[in-house]
Amino acid sequence: MDLNRFDGTPAGGTVPATAWLAGSGLDERGVRVDTAGRTTLPGVFAAGDAAVPFDPRFGVHARTEHWDAAAWQGAAAARAMLGEYPGTPPLPSFWSDQYGLRIQYVGHAHRADGVLVDGDPDGRDFEATFVQSGVPVAGLTVN
């Protein structure tokens, strides 16, 4: 198992359907929003697959391709529409149960320059800590 191959690109089936944005003044490749879901158009918010939220940890807009992120973005946009503080965005994460295995991930592995593995990857029972200059930036657990 080569844990260094993860590069942060979207998984299959996660390309957003955004062609309907043509002519709206918003980017068809994905609507850039702030942490509250605000677009560059006054009074217009976006969340979920069509949105490319701002990540204040790194100062960039970045997709987070998971339903949990979409739910958080929608809730943050709703709070902002009501004039409330939307909260600090959580780290990107996902979990999945696959053929009797629990897989959990959090962070930004694509920013890592190394990986520390504890456990048995061949036995599908391990933790991987992705590090950048020795500082953890992501974690992956299997079983």
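**Chatting through a predicted model**

Me: Where does pLDDT stay under 50?
Reply: Over residues 1-10, and the model has 14 contacts for them beyond four places in sequence. pLDDT is the predictor's confidence in each residue, from 0 to 100, and a contact means heavy atoms within 4.5 Å. This is a predicted model, where local features need pLDDT of at least 70, side-chain atom pairs count only at pLDDT 80 or more, and totals for chains, interfaces and linings use all residues. Residues are numbered from 1 along each chain as its sequence is written, and side-chain values use heavy atoms, with hydrogens and water left out.

Me: OK, and what's the mean pLDDT of the protein?
Reply: The mean is 87, and 90% of the residues reach 70 or more.

Me: New topic: how many aromatic pairs does a search of the whole structure find?
Reply: One. F94 and Y105 are stacked, 5.4 Å centre to centre with 25° between the planes. Rings of Phe, Tyr and Trp (its six-membered ring) pair if their centres lie within 6.5 Å; planes under 30 degrees apart count as stacked, over 60 as edge-to-face and the rest as tilted.

Me: Which parts does the pair tie together?
Reply: F94 lies in strand β4 (residues 93-98) and Y105 in strand β5 (residues 101-107), so the pair links parts 11 residues apart in sequence. Strands (E, at least two residues) are DSSP runs, numbered from the N terminus.

Me: Is Y105 buried or exposed?
Reply: Y105 counts as buried, at 11% relative accessibility, while F94 is partly exposed at 32%. Buried means under 20% relative accessible area, exposed over 50%, partly exposed in between (1.4 Å probe, protein chains only).

Key. Helices (H or I, at least four residues) and strands (E, at least two) are DSSP runs, numbered from the N terminus.
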